[in-house]
Amino acid sequence: MKKTKKAIALALALSLTAATAGCGNSGSGSGSKESQESKTEESKAQESADSGEGQEAEASSESPDEAAADGEGGLPPMTDEEITLTYACWGLAEKGETEAKDKQIEAFEKAYPNIHVEFVTIDQATWNDSLTSMAATGSLPDVFWVFSATNAVANEWALDVTDYYEADPDAKEVYPEMVENARLNGRLYCMPTVMFPYLVFLNKTYFEKYNEPLPSYDWTMDEFKEIAERITHPEEFYFGTSNPNYIDYFPALYEGYSNRGWDGKEYHFDQTWVDALNLKYDWIDDDTLEWESAEDKLRYLGDEGAWPPGFGRSAMHFDWSWTIAAFEDAYTAQSGCEFLYYPQPAGPSGAEMAVVDYGVISASTEHPREAWELQKWTSWGKEGVLNRYEGYKQAGLTVVSRMPVISNSEAWDAVRSFADREDFIALYDHLEKTNIISSTTSVAPGYDEMSAWMDENGIWGKLDNREVSPADMANELTQKANELKDEWLANHAK
């Protein structure tokens with residue numbers, strides 16, 4: 001892997017050297033990227049010291065912005081040889097995803113006619129096992145999606161793409177926290193592909209039933225809490241809200257962190273985490289939150305396995321964008337209710353969390369530069385987004401759940417082209433301008449190990465049964481999470 005990394009650095013350095021020789025210094029990059037560029041220079045300086053490639057590292061000290069201005073884009077040129085790249089992604093059983101994938105590959109091959117893309121079909125149910133088998137035979141796809149980027153790094157499947165990311169001006173449009181949260185000891189091994197934002201499924205019919213005015217689309221978390229407590233009517237089996245994953249998204253709303261308080265370097269089970277869990281427990285106790293027994297569901301809905309939000313019994317249900325289609329079809333018909341889709345209520349930080357899928361480039365690829373471009377065209381890049389939505393239109397989709405991971409007006413205009421309702425337009429406008437923070441599940445070191453430790457020690461059972469309070473556990477959980485994080489980094493990202 002070290003040889004591959006040095007090859008990438010050398011190729012990038014030579015590209016930047018050519019740009020400098022052709023046009024000279026064009027000035028500094030964007031001030032908003034000062035911190036990121038500082039990290040870039042530190043990593044390049046360390047690489048130079050380690051490898052002895054002083055001349056190349058010095059040449060590569062030009063920022064990506066300067067390289068782009070010099071006309072080279074900061075990246076090595078694409079090959080003009082005839083090559084084949086392999087690619088794998090999931091979700092193809094969902095309507096529109098096959099058409100989206102085909103559009104992306106077709107557009108890439110049209111832009112680079114010397115490159116053929118071979119799609120590798122992998123059963124989503126056995127995704128990780130299939131990748132393990134492919135790795136054992138040296139046949140991993142050049143570009144593929146992963147459920148766990150940290151697992152891919154631990155298995156040495158993932159190429160270090162830090163230099164490509166920092167040299168590609170297009171990458172500046174990626175929501176920065178999606179990248180910073182995924183760095184391992186400062187290095188980057190994955191890129192975001194699509195996101196599923198967390199939003200509020202607001203039951204307009206419920207609001208009308210209890211004469212509650214609809215909130216504005218730029219509402220706050222304080223307003224949400226007030227409405228939930230005011231509009232709940234448990235005596236009639238109607239509840240203010242449901243699906244209380246507050247510990248997941250409160251850290252982003254209040255602190256600008258991801259879930260478990262991950263800030264890209266440390267975990268923080270802090271006061272925000274304590275408050276989030278206490279709010280859940282308080283609202284269970286006073287019936288603001290739908291948290292009903294099978295017996296009550298049988299009594300009121302005729303089925304102990306019934307899902308009350310789908311029967312219109314929750315005023316404001318929190319869920320991911322992948323649930324919109326079900327609400328628009330099955331749950332609207334089942335409940336007789338009209339649903340609106342609201343942005344997350346804002347917190348003090350101005351940020352919010354979304355579930356983000358990630359992809360990697362194989363550490364064994366023979367064409368890393370071309371694989372980087374293919375990854376961009378099939379996931380995070382503007383071309384990938386535009387062609388994804390063209391595929392959706394071809395398939396006849398009217399509701400989309402996979403959202404761009406870039407702040408780019410053309411990309412978000414493509415999303416808005418599916419909207420003919422005020423609520424959807426307001427939601428998409430909000431997402432485009434919001435600081436989106438990715439969930440940590442796939443990318444944070446030690447996350448899986450911490451989950452296993454909590455399960456083995458029955459932590460959630462103790463908390464949910466009120467045997468211990470969140471405040472009693474916070475310091476221990478913070479210490480343990482960071483201990484496991486440090487162990488993971490020491491073993492897998494030296």
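**Entry 1: helix 16 and helix 17**

I looked up how helix 16 (residues 368–378) sits against helix 17, and found that their axes come within 5 Å and cross at roughly 40°. That angle makes helix 16 oblique to helix 17, because only angles under 35 degrees count as roughly parallel. The model I am reading is a predicted one.

I then listed the residues that meet. Helix 16 brings K376, W377 and T378, and helix 17 brings E383, G384 and R388. Sorted by class, this contact holds three charged residues, two polar ones and one nonpolar one.

**Entry 2: helix 5 and helix 17**

Next I turned to helix 5 (residues 97–111) and helix 17 (residues 382–395). Here I read off axes that come within 7 Å and cross at roughly 135°.

For the contact itself, I wrote down E97, E99, A100, K103, Q104 and A107 on the helix 5 side. On the helix 17 side I have G384, N387, R388, E390, G391, Y392, Q394 and A395. By class I get five charged, five polar and four nonpolar residues in the contact of helix 5 with helix 17.

I checked helix 17 across both lists.

I moved on to the second largest pocket and noted a volume of about 300 Å³. Which residues lie nearest its centre? I found K95, A325, L397, V399 and V400 there, out of 17 lining residues.

I also asked which element gives the largest share of the lining. It is helix 15 (residues 324–335), with four residues. By class, I recorded seven nonpolar, six charged and four polar residues in the lining of this pocket.

How values were computed: Residues are numbered from 1 along each chain as its sequence is written. This is a predicted model: local features need pLDDT of at least 70, side-chain atom pairs count only at pLDDT 80 or more; totals for chains, interfaces and linings use all residues. Side-chain values use heavy atoms; hydrogens and water are left out. Axes are lines fitted to C-alpha atoms, for helices over the stretch in contact, and angles run from 0 to 180 degrees between N-to-C directions. Helices (H or I, at least four residues) and strands (E, at least two) are DSSP runs, numbered from the N terminus. Contact means heavy atoms within 4.5 Å. Ala, Val, Leu, Ile, Met, Phe, Trp, Tyr, Cys and Pro count as nonpolar, Asp, Glu, Lys and Arg as charged, and the others, Gly among them, as polar. On a 1 Å grid over the protein atoms alone, a cavity is a set of points where a 1.4 Å probe fits but cannot get out, and a pocket is an open set with protein on both sides within 12 Å along at least five of seven lines; lining residues have an atom within 4 Å of a point. Grid points are joined across faces, edges and corners, and a volume is the space filled by probe spheres set on the points. Angles under 35 degrees count as roughly parallel, over 145 as roughly antiparallel, 65 to 115 as roughly perpendicular and the rest as oblique.
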